[in-house]
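The following briefing goes with the sequence and structure shown below. Please keep both in view while reading.

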Amino acid sequence: MADLSLLGTAEAAARLSAAPQTARGFLGLDPVTQNAALLARELTRTGAQVLSADGVLLGYAPNSVQPRQGWVATTSADPAPLAALLDFLRTYRRCTSYVAEVPEGAPAVAALEACGFTGAGRLPGHVFHSGGYHDVLVYSATQEG
Amino acid sequence: MMLRGYRDSDLPLLSGDWLPGELLGLPVPGRPPLAEPARVPAPRDPAEDGATGEDDELCVVPGAGFVRLAAVDWVHRRARLEIGLRPGAEGGAEPLLKAALDHAFRALNLRRVFGWVTPAVPLPSGLPRDALLRDAGLAPEADVPRALWLDGRPVARQIWGATRHG
Amino acid sequence: MTTTTDMTAAGTGTGLATGPDTYAAADPSTDLSGAAPEGTGFRWSARPVTAADHAAVLDLFTEPDFYFRTHRPDTRPQWEVLSLLDEDTRLLSADGRPVGLYALEVSGGEHACHFFLHLRLTARLRPDAWASAYRELIRALRWQREVVRLAVVVGEFDDRGLTAARLAGFAEEGVLAGNIVHDGHRRGSVFLSRIWEPTS
């Protein structure tokens, strides 16, 4: 199991800024167009936490109307860091369901599918980047407990 | 149905017995009277999630309800729509929904509008929700399980959206 | 102000109406609180306290046992009474008439689903009416939030408060001894709670 470390908001914003391409769409953020201060403000506003595991950035934000649900993100296609995050949320926040929104083609899709997430839908033309509109895929996973 | 910009005197319209963030917010049948009302922030009034309301487009129909286009994003040209109607104003749901989308697309020149729908909760007075939403040009896009706590358990919510190409 | 502690309690509360993803509105069998006792069929309502309500609130604090966030209600000056009200405080009305105050505090992290409740009703209402208000409030809270633990703290000397909390199903957890001076003696605070098994 990958070792997780929690990052402070400023460090989280700096780490996302340092890897702008892999972090596009991370919890709805876009480090290509948002600077570190904007990223930090958004992370604070949504109550999001950023963690790192083996150089991979992981994100979590609570669902304010359902405290057992978490919104998650990863910058990597490797399922191990994401699995560690889900285990962390289940153990320490008693999350029982997870949701992720990822731009089509993002590396996170492979990690989500390997961790048991299934497609929950597609938001057409939800984001504009690189000169065009792109769909965003919604994934969800639930666990009994 | 005519929308008007929000005034301070419209504050009572911003809280009521709909579900939080619901796209088509109507009073929920069987809601316990002491349940905290749902609220949307008045402009420049910090919301619970820290949003300042300055990125919101907030309009009202005096005495009947509000239309909120939350977090209007001019890069992605999208906003999340929520509507809240007072008890007795349910009949205004259809024209208000159309007016809201018309305002979003034709006045604000947005490209996409989306919002949360909770299928487990019927609309009052037997209003056909899916037909209302589809007639207004919206379509279901995603099913998110366990997205809202309601009546002792988590229930699923859907994301409905409309995209205007061009 | 009282702090909440995490003592264990024996009560496990009622079972939950779990089921398919349909919403059984106004079906009495899904009423999480149970039926109200005879003679307390009030129509309860609540609203945030505004300046227009201050006269009614100050009137409640003339009762010597209106222990809402204070142990000496009737001798508190106006500014201190108003300082006990915060944005989470609600004026409770029965059949449209103001009869009390309540405030709900999140205890621990949001995800813990632990809450701490301050609720006080006028001495004009009987304890069973008070218990009915507790139950209606619990039903409303559990309708829109998962609740695992709901705690109240009542002074040992507060017979009305203890009776109402017990009637509403709160189980006694323990006494924090001697932390309040009441009528010339050091008295304790009784911790009571209701606990529900997490359902998700």
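Which residue of E2(C) does Pro48(C) stand opposite? Pro48(C) stands opposite Arg90(C). The model is a predicted one, in which local features need pLDDT of at least 70 and side-chain atom pairs count only at pLDDT 80 or more, whereas totals for chains, interfaces and linings use all residues. Residues are numbered from 1 along each chain as its sequence is written, while chains are lettered from A and ligands numbered from 1 in the order in which they are written.

**Chain C: overall make-up**

- Chain C has four helices and seven strands, where helices (H or I, at least four residues) and strands (E, at least two) are DSSP runs numbered from the N terminus.
- Along the sequence of chain C these elements follow the pattern β-α-α-β-β-β-α-β-α-β-β.
- Of the 200 residues of chain C, 34% count as buried; a residue is buried if 20 or more other C-beta atoms, placed from the backbone, lie within 10 Å of its own, exposed if 12 or fewer do, and partly exposed in between.
- Among contacts in chain C with a separation of 6 or more, 61% are accounted for by residues 24 or more positions apart, two residues being in contact if their C-beta atoms, placed from the backbone, lie within 7 Å.

**Chain C: the sheet and its helices**

- Seven strands of chain C form an open sheet with mixed pairing, in the order E1-E2-E3-E4-E5-E7-E6; two strands pair if DSSP finds at least two bridges between them.
- The edge strands of this sheet are E1 and strand E6 (171–182) of chain C, each of which pairs on one side only, and the twist averages 30° from one strand to the next.
- For such angles, axes are lines fitted to C-alpha atoms, for helices over the stretch in contact, and the values run from 0 to 180 degrees between N-to-C directions.
- Helix H3 (residues 127–144) of chain C packs on the sheet and touches E1, E2, E3, strand E4 (114–121) and strand E5 (149–155) of chain C, its direction making about 145° with that of E4(C).
- Helix H4 (residues 159–167) of chain C also packs on the sheet, where it touches E5 and strand E7 (185–195) of chain C, and its direction makes about 155° with that of E5(C).

**Chain C: pairing of E1, E2 and E3**

- Strand E1 (residues 44–48) and strand E2 (residues 89–94) of chain C run antiparallel and are joined by five bridges; within this pair, Ala46(C) stands opposite Leu92(C).
- E2(C) is also joined to strand E3 (residues 97–106) of chain C, again antiparallel, by six bridges, and here Arg90(C) has Tyr102(C) as its bridge partner.
- Two residues lie between E2(C) and E3(C) in the hairpin that they form, and Asp95(C) in its turn has a positive phi of about 50°.

**Chain A: make-up and pairing**

- Chain A contains four helices and seven strands, which follow the pattern β-α-α-β-β-β-α-β-α-β-β along the sequence.
- Of the 145 residues of chain A, 43% count as buried, and its C-alpha trace spans about 45 × 30 × 30 Å along its principal axes.
- Strand E5 (residues 97–103) and strand E7 (residues 132–142) of chain A pair in the antiparallel sense over seven bridges, with Tyr98(A) opposite Ala141(A).
- Strand E6 (residues 118–129) of chain A is joined to E7(A) by eight bridges in an antiparallel arrangement, in which the bridge partner of Val127(A) is His134(A).
- E6(A) and E7(A) form a hairpin with two residues between them, and Ser130(A) in the turn has a positive phi of about 50°.

**Contact between chains A and B**

- In chain B, 25 residues are in contact with 24 residues of chain A.
- Strand E8 (112–117), strand E9 (139–150) and strand E10 (153–163) of chain B each supply at least two residues of the side of chain B that touches chain A, and E9(B) gives the most, with nine residues.
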